[in-house]
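Notebook open, structure loaded. I'll jot down what I look up as I go.

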Amino acid sequence: SGDVELATRIASQACDLALPSSSFYDRVVQAHCNLDESPTRATEVLALMKDKNMIPSVESWSALALTQIRQGQGRDAVETCRRMRQLGFKPSRLVYNSILAFSFEFGD
């Protein structure tokens, strides 16, 4: 939609100016996830954060994992949880239970 494109352009321009903090990127990741769109854009922002030596919050990782589950990407959600653990974050019970429910329902 137009709002998503506008938000993406503003975020891109802010990134070019090197203004955003890690909390700004976290909000962008969560916004992409809350819009129920493909997790690809959220994943791209997380990769950009890594390139800038920023560590995403547990909320961003959780939002990504839950979006992946909603989009039917259970294996990707499991991988996201592995990355969270490697960074020292503990996925919430909601994330674990959602992955288990997806795996039980779809056998992924």
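In which hand does α2 pass α4, left or right? I get a left-handed crossing for α2 past α4; left-handed is used when the near helix is turned anticlockwise from the far one by less than a right angle, right-handed when clockwise.

Ground rules before going on. I'm working with a predicted model, where local features need pLDDT of at least 70 and side-chain atom pairs count only at pLDDT 80 or more, while totals for chains, interfaces and linings use all residues. Numbering starts from 1 along each chain as its sequence is written, and side-chain values use heavy atoms, with hydrogens and water left out.

Next, the geometry of the pair. I find the axes of helix α2 (residues 22-34) and helix α4 (residues 58-70) within 9 Å of each other, crossing at roughly 20°. That makes α2 roughly parallel to α4 (the word covers angles under 35 degrees).

Then I listed who touches whom, with contact meaning heavy atoms within 4.5 Å. From α2 I have Asp26, Val29, Gln30 and Cys33, and they meet Glu59, Ser60, Ala63, Leu64, Thr67 and Arg70 of α4. I sorted the residues of this contact into four nonpolar, three polar and three charged.

Last, the whole protein. Of its 108 residues, 37% are buried, that is, under 20% relative accessible area with a 1.4 Å probe. Among contacts between residues at least 6 apart in sequence, I note that 56% join residues at least 24 apart.

Methods. Axes are lines fitted to C-alpha atoms, for helices over the stretch in contact, and angles run from 0 to 180 degrees between N-to-C directions. Helices (H or I, at least four residues) and strands (E, at least two) are DSSP runs, numbered from the N terminus. Angles under 35 degrees count as roughly parallel, over 145 as roughly antiparallel, 65 to 115 as roughly perpendicular and the rest as oblique. Ala, Val, Leu, Ile, Met, Phe, Trp, Tyr, Cys and Pro count as nonpolar, Asp, Glu, Lys and Arg as charged, and the others, Gly among them, as polar. Buried means under 20% relative accessible area, exposed over 50%, partly exposed in between (1.4 Å probe, protein chains only).
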